[in-house]
Amino acid sequence: MPRMNAARKHPVEFTLNGRTVRAEVENRMLLSDLLRHEIGLTGTHVGCEHGVCGACTVQIDGRPARACLTLAQQVRGSDVRTVEALAPDPAVLSPLQAAFRRHHGLQCGFCTPGILMSLDALLRERPDADREDIREHLSGHLCRCTGYATIVEAALAAAEEQRKEETTNA
Amino acid sequence: MTILEKTESLVGRTVERIEDAGLLTGRGRYIDDLPVRQDTAHLAILRSPHGHAEIRTIDTTAALALPGVFAVLTGEDVARLTRSMTVGVKANVECWPMARDRVRYVGEPVALVVAENRYVAEDALDLIEVEYETLAAVIDPEKALAANAPVLHPSLETNLINERSFRYGDPEAAFEAAAHRISIRIAYPRNSCTPIETYGVIAEYDPGEDAYDVTANFQGPFSIHAVISRALNVPGNRMRLRTPPDSGGSFGIKQGVFPYVILAAVAARVAGRPVKWIEDRLEHLTASVSATNRVTTLEAAVTANGRITALSWDQLEDCGAHLRAPEPATLYRMHGNMTGAYAIENVAIRNRVVLTNKTPTGLNRGFGGPQIYLALERLVHKIADELGLDRLDVIRRNLVPADAFPYRTATGGLLDSGDYQAALDRACAEGGLEALRQRRDSARAEGRLYGIGYAAVVEPSVSNMGYITTVLTPDERAKAGPKNGAQAVATVAIDPLGSVTVKVASVPQGQGHRTVLAQVVAERLGLPMQAVYVNTELDTSRDAWSIASGNYASRFAPAVAGAAALAADRIRRRLAAIAAGQLNVTADRVDFKAGKLVDRDNPDNAVSFGRVAAASHWAPGTLPDGTDQTIRETVFWTPEQLQAPTAADGINSSLCHGFIFDFCGVEIDRATGQVRIDSYVTMHDCGRILHPGMVEGQVRGGFAQAVGAALYEEYAYGSDGSFLTGTLADYLIPTVMETPEPVILHHETPSPFTPLGAKGVGEGNCMSTPVCIANAVADALGVEDIRLPLSPSRVSEWLYGEERPPSKPQNAIPVATGASGQRMLTGSGSADVAATRGAVWAMLLDPNTLKAIIPGAHEVRKVTDTHFRAEVTLGIGPVKGRYRADIRLSDMVEPEAVTLSGGTEGALGSGRGMGRITLADTATGTRIAYRYEAAIGGKVASVGGRLLDGAARVVIGQFFQALARHAGGGTPRSVGFLQRLSALFRRRR
Ligand code: FES
Ligand code: FES
């Protein structure tokens, strides 16, 4: 990595939702700010900027990560995915998103993108995830609206559906 | 769980939400997502690190000189362009959005910066120099009333800003005649429902028209619009206030954004460009708004069999440092239902409002309910216990009887509908109370700590705009003119293609208004839901609204959705008249079905909705005589039941009164004091249910927040006013792991006073659940004096008594809370150096040496021979900040001993300390011995004490190590634990 200094901006290049992006940023710029305010993808939300609420969760190389605790420069060369990449088509929801809608897994929707990114990673890595696994992964997220139960139900339904799909496709 | 599924109509069905597709794909448009003008600048706010201090000087020169900074404003600058915000009681006091000569709470705005981006704006904050003279702070509302208490507002001469007493029926006679008088004293803590999205404001100023245009994630009530306009000194029509399409939760809290609307508006005016401000989480927790904390003494006159004949309330409400609109509304919102779900004829009330060095309070879900029910429902439990009666029997015996509705309460409320006994009986049967009792008994038989709690509450909704005037005396009210009602507004509009748009003056924050309104209007017009488009953005310049507009007091379903139904009905009647001519039938035979208007008796005789609906646009001349247009219909609806307070102070504070009966079982871990909710049953009567899924969502969400309030959450302050819960790692919100699943039951008795029979439902559990859990914990422990939150440390104290200092020394230095209440650190040590005493002495007086040895110092200036100023940067835990240190030398005995005392101050907090350094000759040089005491407050104190203590010790250690190194080597030696401990206890005395 080249030497950086605080006085000027530095280039950063990475893959965002399947496309290469290039930006010039100060080395103190957060990934959350880069995504939201420089690139304009505002689906990733910021609720605390200190790593507790989980609203800013994105996937970096397939793993959930807090965009508010990540410097933009840290994702150089990485593959970053945000909530905008979840739906297969602008007018079609992914099975996880559709399950959230069916089960009323959201109210204000502010915590939702982060939760979706965590659960999407979980269900990809662990298609057999059960209620306890889901609850454990959700425990890194704060939701102030729903009381969580409907989120757990939505995630379970999505997992179930994904398993069915896999058996049919197998 | 009962889900009341109705399929015959759209209303009452759990349909998928219209809002969700956008929110799930990242296409929500919250305030921070909105496009802004290209020249928009960013606002950052410098806040007080002190709970109470005089501002001596503010130097903004360096901040203004920073490239990229457009403007820096202090409280005086803001005051020049604004007026004091309206205060809701008669009192000689001003209320400014930014401190002028004095700060009164940690987090109070002191200066603001407008800069090209947030990063630069925050850099500039660090360059503003403020000199404070700290004052004694008062945090406890009772202590704030003491004769010698520090007074926050000298013009007021006291901290008691308002007091009123009320008398209904004949309470004295009832107490005189009572077989028993039973009372309780209880305190409700400060907490907040803390939405995950923080405040945000985008403001613009047009100097040509002297007009402001502000977008904010404000939630209402729009009575606050008047407060903002007045403060900005413009007519209401020059203060355009808009809300974004989406809001990330509010729960009342976003009412409190309005002082920042004023600040951002003024900042935009001075900077000459639009200004955007997004609050950060530290700011939100420290300085947004919260529930009031309240100390209540409640006494009941009780008959031998447990019937309550009178209540006497004494409420001491703590509204923080300023009485900010609409406070003291928290204290008065429940005024009409101070007797809860009970038929109690005689009531005495004394209400006092006190100011303390804490953040001003405001709306928070439950608004006044949690405070009164914690006292009332604890008391009902206590009455049963003292009289040896069954607790449930005492509740039953006192409930308002089913045949008494609508029931006029002693204080003037009108309980609209209900069958409390039936709801309670159903809850016990369907919720499995008998099984729960057995569970408790067998747990207890095994020696486990298990308890059952109950709570019966009335949940008011749709506030009477007049209730707050109950704080005025009848004379003052007569002078001010009557205030009452609850104007709800909805518009139904039809475009030239015949499609329908609904517009309401409400501001949803996740409640799904768009879906419910589409259901209500589509059902009335015989359309599929998708055919109706709902817009819930509010723009005071363009939309129909009233001071009661907004989304608060659970008014959506009963009032706003009702107004939309009325507007749709009016359009429907006109459309039927128009269609009647085309179908050649009378209007009463026209039915609305599946997008058509049909002859009820001959379904083949039909015309499309669009065609009839568009007639007003295309061919107004064809409308039948006497039939008005169908292009746009706006309904203002206010219920006649909401009258101004009577001369005798009777007030129907809310239109609807839902009923909730909860019971729960909790188990307490003997070893840890942890409270586990084993089972929770909540029965609701919220009138007619419009969308069962959303009602469940409201109940669950409120319940989860109430569990937080009961067990974890408190905005904690040190007694010096320092704020101790500034991050979400300190202010603990329940995660999925801490949130049990309640059993939710419904018993519907439609409200006769609302268009759809609906009542509010969102706030009830915030009122019933904290006290229900508290009652269960009291039952489990046999403890009467319950305090929230029921944290493990508190519960352990009840189990085992107060924690005593360890009998054997441990390796860590315990932290004491000093007399001032700040976090106290003490320590001592020594270091041997290879230099003479004279040389070491000279070093201590030399700014260059000090610069080299003070950790993180950029600059040390000598003010006088014994006074130095230093600029340092320190990182503690997650927060790194710049501090200014002021160091003075005293008690100098050259070259033997010197006392260093001083303070440091910065955006992140403050510290004061004193260290005595002694120099002694040794064979090889000098032994430097030191002993220090330090106290830390402000934002750093709120980031987690353990981190802080360690970090401070490291910093102080580094100072002396560096001194030793500078003087020629040597290693510092630590003093034994016992010495440190004894120093600590001396301090504690
Ligand atoms: S915003 Fe990143 S965790 Fe809260
Ligand atoms: S849906 Fe509002 S915070 Fe989760």
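The following questions and answers concern the two domains of chain A, the interface of chain A and chain B, and two residues of chain B.

The model is predicted, so local features need pLDDT of at least 70 and side-chain atom pairs count only at pLDDT 80 or more, while totals for chains, interfaces and linings use all residues. Residues are numbered from 1 along each chain as its sequence is written, chains are lettered from A and ligands numbered from 1 in the order in which they are written, and side-chain values use heavy atoms, with hydrogens and water left out.

Reader: How many Å apart do the C-alpha centres of domain 1 and domain 2 of chain A lie?
Author: The domain assignment, with bounds from an automatic or database source, places domain 1 of chain A at 10–84 and domain 2 at 95–169. Between these two domains of chain A, the C-alpha centres are separated by 22 Å.

Reader: Which residues of domain 1 of chain A lose the most area to domain 2 of chain A?
Author: In chain A, 18 residues of domain 1 are in contact (heavy atoms within 4.5 Å) with 15 residues of domain 2. The two domains of chain A bury about 1300 Å² between them, 55% of it on carbon and sulfur atoms, where buried area is the accessible area (1.4 Å probe) that two parts lose on being put together, summed over both. Together giving 34% of what the domain 1 side buries, the residues that lose the most area are His45(A), Gln59(A) and Val83(A).

Reader: Which side chain meets that of Arg81(A) in a salt bridge?
Author: Across the interface of domain 1 and domain 2 of chain A, the rule finds 2 salt bridges, each a side-chain nitrogen of Lys or Arg within 4 Å of a carboxyl oxygen of Asp or Glu. For the salt bridge of Arg81(A), the distance is 2.9 Å from N to O, and the partner is Asp120(A).

Reader: How many residue pairs are in polar contact between chain A and chain B?
Author: Here 48 residues of chain A are in contact with 53 residues of chain B, and the two chains bury about 4200 Å² between them, 57% of it on carbon and sulfur atoms. The rule finds 6 salt bridges across the interface of chain A and chain B, and in a salt bridge between Asp32(B) and Arg36(A) the closest N and O atoms are 2.9 Å apart. A polar contact is a pair of N or O atoms within 3.5 Å; within protein, one must be able to donate a hydrogen and the other to accept it, and residues adjacent in sequence count only if both atoms are side-chain atoms. With both residues at pLDDT 80 or more, the count between chain A and chain B is 21.

Reader: Does Glu871(B) count as buried or exposed?
Author: Leaving aside neighbours within four places in sequence, Glu871(B) is in contact with residues including Glu129(B), His858(B) and Arg882(B). Buried means under 20% relative accessible area, exposed over 50%, and partly exposed in between (1.4 Å probe, protein chains only). Because its relative accessibility is 14%, Glu871(B) counts as buried.

Reader: What separation in Å do the C-alpha atoms of Gly88(B) and Met683(B) have?
Author: Gly88(B) counts as partly exposed because its relative accessibility is 37%. Leaving aside neighbours within four places in sequence, Gly88(B) is in contact with Glu327(B), Val471(B) and Leu472(B). Met683(B) is 595 residues from Gly88(B) along the chain, and their C-alpha atoms are separated by 36 Å.
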